[in-house]
There are 10 protein chains.
Amino acid sequence: MPRTDLLDFFDSPTTRGYLIEHVNEEFTSVCPKTGHPDFGSITLRYQPQASCVELKSLKLYYQSFRSEGIFYEAVTNRICDDLVSRMSPAWLQVVSEWRGRGGIRSRIVASHGTVPDAFARG
Amino acid sequence: MPRTDLLDFFDSPTTRGYLIEHVNEEFTSVCPKTGHPDFGSITLRYQPQASCVELKSLKLYYQSFRSEGIFYEAVTNRICDDLVSRMSPAWLQVVSEWRGRGGIRSRIVASHGTVPDAFARG
Amino acid sequence: MPRTDLLDFFDSPTTRGYLIEHVNEEFTSVCPKTGHPDFGSITLRYQPQASCVELKSLKLYYQSFRSEGIFYEAVTNRICDDLVSRMSPAWLQVVSEWRGRGGIRSRIVASHGTVPDAFARG
Amino acid sequence: MPRTDLLDFFDSPTTRGYLIEHVNEEFTSVCPKTGHPDFGSITLRYQPQASCVELKSLKLYYQSFRSEGIFYEAVTNRICDDLVSRMSPAWLQVVSEWRGRGGIRSRIVASHGTVPDAFARG
Amino acid sequence: MPRTDLLDFFDSPTTRGYLIEHVNEEFTSVCPKTGHPDFGSITLRYQPQASCVELKSLKLYYQSFRSEGIFYEAVTNRICDDLVSRMSPAWLQVVSEWRGRGGIRSRIVASHGTVPDAFARG
Amino acid sequence: MPRTDLLDFFDSPTTRGYLIEHVNEEFTSVCPKTGHPDFGSITLRYQPQASCVELKSLKLYYQSFRSEGIFYEAVTNRICDDLVSRMSPAWLQVVSEWRGRGGIRSRIVASHGTVPDAFARG
Amino acid sequence: MPRTDLLDFFDSPTTRGYLIEHVNEEFTSVCPKTGHPDFGSITLRYQPQASCVELKSLKLYYQSFRSEGIFYEAVTNRICDDLVSRMSPAWLQVVSEWRGRGGIRSRIVASHGTVPDAFARG
Amino acid sequence: MPRTDLLDFFDSPTTRGYLIEHVNEEFTSVCPKTGHPDFGSITLRYQPQASCVELKSLKLYYQSFRSEGIFYEAVTNRICDDLVSRMSPAWLQVVSEWRGRGGIRSRIVASHGTVPDAFARG
Amino acid sequence: MPRTDLLDFFDSPTTRGYLIEHVNEEFTSVCPKTGHPDFGSITLRYQPQASCVELKSLKLYYQSFRSEGIFYEAVTNRICDDLVSRMSPAWLQVVSEWRGRGGIRSRIVASHGTVPDAFARG
Amino acid sequence: MPRTDLLDFFDSPTTRGYLIEHVNEEFTSVCPKTGHPDFGSITLRYQPQASCVELKSLKLYYQSFRSEGIFYEAVTNRICDDLVSRMSPAWLQVVSEWRGRGGIRSRIVASHGTVPDAFARG
């Protein structure tokens, strides 16, 4: 199971609403149907309210999917849920983009709250 | 006949509305008029309500067009109909883009439900 | 004379309103003033109501302009008229783009019906 | 501590509202968690009201972060706060973009006042 | 079996040694191990001695691999052998490039006779 | 028949050996097998000895292939032969590049005399 | 341990010397020092003598490095050794390219036999 | 007539052999056959021996071709001759490149003396 | 002083001669004349004989230049000397490239032993 | 007069022969004929023997051309001479590239000693 216990947070250094974006181009998990590894990138965007996710802990949390058999759709919503429940951001968006498997490449966009227009397409 | 029986679905891992996009750049069918093969890509975008299409089954479903004599327009609407009837998505869009034949390249866009503005051109 | 008799149509495979786009990058006709050949591309976009133009017949129809002495403006509107009168589409747009002649390159856009905003510029 | 005493300002040469943008592609600070250096760029945009930041003093102020252990989020908001409190601009935006660490690259956008739509994404 | 009987040849219009190159970007065959379709491009280069391969017949010959279960290496050498034995060219080179399968993309180069340095890498 | 009588020549303005290159991107002829038009570009390079081909006459000569049913290989060698026999250049090279037909695009290179290394590939 | 037992070979379909290149852009192993995952691509090039490596077995062999703690240099030479000892190719080259770790990206090139000049740099 | 009297020269500031290159992208003359203007660029390269052409005088000299009815080949050799006879350079090369006329674009290269390999193609 | 004691080495996993390249795009030191920070990249290439530099230790060694007042030329030769004396490679090359300072950007190349032609320019 | 007295040198940190390259993209001087400013870049490459030019002093020396009325050719050779006489390098090359003036852009290359082939063109 992806390990949310690895996630670490720190108090936002301001009460101002602002944008944070972290792009991980080295994400890998396992296809639950074929057992073959999946490779992709995860883009996380959010506006913090009180707390922010610490970057090294985010990396370790992402790495905990490495041996997980899990669909693209579940990866994306799982990350969205895990971070929303722990940080209560004003809004949050997770975009996963996956290298081709069987000639098909995919993109999944899950959002929480009102994402600004500029990110509407994901 | 394209084999909808190959399509497999799984429950969406969330009740949240989110975006799924699958791009297949290795689609081929046969021109019903000349008998020559057609080559193109199929982009599928949708917002699931309760179920999602499983990726490997989608690949096999696409491959079942390989020997089918069928017009571009019919391919595109057929895929749209087959997936809408099985998944009842909030909205769904199929864009097919075809390499040139006789010096003409083509693009067909079929949509179901209210597609967000960002995808209006297809 | 361009031969509309070469055009062939088939019933749209659906009653849904959808988009069709055919791009021909190998169009040639003859300048009626100088007798020199003109080279360009023709982009056809439309939303079918009941019938669609068959691709090979469209190619042959385009080829029938090969020896025609005809201005850019007439080519564009002629194709628009020929296809509208035979297919009665919801809307249709023809964009012709011409390689330079005498250092000037040109683009002509003719439309029928209400073209969606996304294509309004041609 | 970053040294705001290094910042120098001069009177805006006009009462007109106008845009100023300074991009520093050679910013470095230290990760407070791992002790490793962070590398990034800082883009500062603002509309002055009465005073402007002097460029060489801005460079020295930025250099004073060189040995500072400080999170990306704090760097960005700190610069925003320091400049707003000293210049009282009509609006001001700080965008920090960070080279990858542990395979993750980041972007933080902090704004003060009403930033024009063109910069909404940061 | 790929159908060499589809290949048609015509007399070279000159006794001069010259270069011919045909690039087919729409090649497809079937993986003999997994049964899944393979997609790639075939580049054929040769210097004719007495006869040349006719282009439409070459297309039909290539299409006859469509349902063939055959490795990349065998496709490439098979095309090389079939054309060499029928045309006796001064030299001939076949380069196949394959879209990724299982995350791996491939390129095979088979040559007959002395290929000029400019084409040695394929 | 392509009309060599349209070709016009003028005395080279110097006895110096030098390079001339003319690129025609608007060449069209007809496939002798299918009757469909072919589209391509013709690059002519040569070192004159006593005479040069006049550019407008070259254009008209090229246009005289417009209704000719002729293979790529024959077009290329025919142009090479026609110009060599009329100009006796030190060396001459004709490169024809053809847009795809049936998914295959082609390039033919015919040369007379010793083409400098820099142009050997065509 | 990387599992060479997963490697499968087939007889080369010809006695002709020819070039085979397989590029895997989804390679991952583990850093033996930090325990963090490494991501890179592996390019394999060789000229077969009697046998060729089967593509799906190569993929599985590469996947067997997924949980292996192993340096870049050892990965590259290990793959080189494993394939040389099993296939006895005329020559073989392995190029690994690694995404940045700690701000440093790397490339390792190991070769067996006489690699043609065109590939000498890797 | 192009006015060589406009050309001005100055003593080379050194006896060392070195390279000078002037690129004029705004050259225009008149086609002697059609009377239409031609547009192109002139690249001049040379190694001076004792004198160099002054840049403003070179511009005025180039401008004196504006109303001249003259072939591409003559322009190029004329410039080559005019400059060689006045400057006696170690070597000199003139490359003219012409925008399309009648769908044909051209390039002419005239050289005097031994041009270094690096510039041999023009 | 840069700390060579941080450098760690491991035995080359093979006696084969092969190529290793590490590119660090996040190097910073201090100008000994102005006291301002310098930013650049360091490319290290070598062929090991018996030992290889461990990547994390190389990163820490590079980081030890962070507060060092040292010229570009000295950085480059210092790295070259430090690594040669500890690893005795067959050959080794260090290329440093520096972002502009005072409008001037620089590149320094220091080599030990016979660097293959492909890398001679650095 | 350009002020060579501003140039400062330091002892090369090694007796090894190595390459140094400084690119200044902000050079300006004055045209001696028209009085208009010229803008260009100066690339300096050399292999030091005993001494190196200090970067800030090089910048100040370059800046001393700002009000100088001087031809491109003289700028380039002057810099070459000034640096050669003060540093006695193994070889040295100065390449100046000038933004267009009157529609003509220029490049001058002056060299001292035997420049390696890789830099022969400048």
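Student: Ground rules before we start?
Tutor: It is a predicted model: local features need pLDDT of at least 70, side-chain atom pairs count only at pLDDT 80 or more, and totals for chains, interfaces and linings use all residues. Residues are numbered from 1 along each chain as its sequence is written, while chains are lettered from A and ligands numbered from 1 in the order in which they are written.

Student: How many residues of chain E are in contact with chain F?
Tutor: 21 residues of chain E, against 20 residues of chain F. Contact is C-beta atoms, placed from the backbone, within 7 Å.

Student: Which elements of chain E give two or more residues there?
Tutor: β2 (19-30) and α1 (55-63) of chain E. Helices (H or I, at least four residues) and strands (E, at least two) are DSSP runs, numbered from the N terminus. β2(E) gives the most, with eight residues.

Student: And by class, what does that side of chain E have?
Tutor: 10 nonpolar, four polar and seven charged residues. Ala, Val, Leu, Ile, Met, Phe, Trp, Tyr, Cys and Pro count as nonpolar, Asp, Glu, Lys and Arg as charged, and the others, Gly among them, as polar.

Student: What does β2(E) pair with in chain F, and is it parallel or antiparallel?
Tutor: β2(E) pairs with strand β6 (residues 104-112) of chain F, antiparallel, over six bridges. Pairing takes at least two DSSP bridges between the strands. In that pairing, I20(E) has I108(F) as its bridge partner.

Student: What rotation superposes chain E on chain F?
Tutor: A rotation of 60° with 0.0 Å of shift along its axis, at RMSD 0.0 Å. A118(E) is the residue of chain E that comes closest to the rotation axis, at 11 Å (C-alpha).

Student: Now chains A and D. How many residues does each give to the contact?
Tutor: 22 from chain A and 20 from chain D. On the chain D side, α2 (72-87) and β6 each supply at least two residues. β6(D) gives the most, with eight residues. By class, that side has seven nonpolar, seven polar and six charged residues.

Student: How many bridges join β2(A) to β6(D)?
Tutor: Six, and the strands run antiparallel. L19(A) is bridged to V109(D).

Student: What rotation puts chain D on chain A?
Tutor: 61°, with 0.3 Å of shift along the axis and RMSD 0.1 Å. The two copies are thus related as by a six-fold rotation axis. In chain D, A118(D) comes closest to that axis, at 10.0 Å (C-alpha).

Student: Which residues of α1 in chain A are buried?
Tutor: In helix α1 (residues 55-63), L55(A), L58(A), K59(A), Y61(A), Y62(A) and Q63(A). Buried means 20 or more other C-beta atoms within 10 Å of the residue's own, exposed means 12 or fewer, and partly exposed lies in between, with C-beta atoms placed from the backbone.

Student: What covers them?
Tutor: The cover includes β2 (19-30), β3 (37-47) and β4 (51-53) of chain A. It also includes β5 (91-101) and β6 (104-112) of chain D, plus β3 (37-47) of chain G.

Student: Switching to chain J. How many residues of β6(J) are buried?
Tutor: Seven of its nine.

Student: Which strands pair with it?
Tutor: Strand β2 (residues 19-30) of chain H pairs antiparallel with β6(J) over six bridges. There, N24(H) is bridged to I104(J). Strand β5 (residues 91-101) of chain J also pairs antiparallel with β6(J), over eight bridges. L92(J) has H112(J) as its partner.

Student: How many residues lie between β5(J) and β6(J) in the hairpin?
Tutor: Two, and G102(J) in the turn has a positive phi of about 65°.

Student: Where is I70(I)?
Tutor: In the loop between α1 (55-63) and α2 (72-87) of chain I. I70(I) is partly exposed, because 18 other C-beta atoms lie within 10 Å.

Student: What does I70(I) touch?
Tutor: S29(I), P32(I), F65(I) and V75(I), not counting residues up to four places away in sequence.

Student: Last one: which chains don't touch chain D?
Tutor: Chain B and chain J are among them. The closest C-alpha atoms of chain B and chain D lie 16 Å apart. For chain D and chain J, the nearest are 17 Å apart.

Terms used: Contact = placed C-beta atoms within 7 Å. Least-squares fit on C-alpha atoms with pLDDT ≥ 70 in both.
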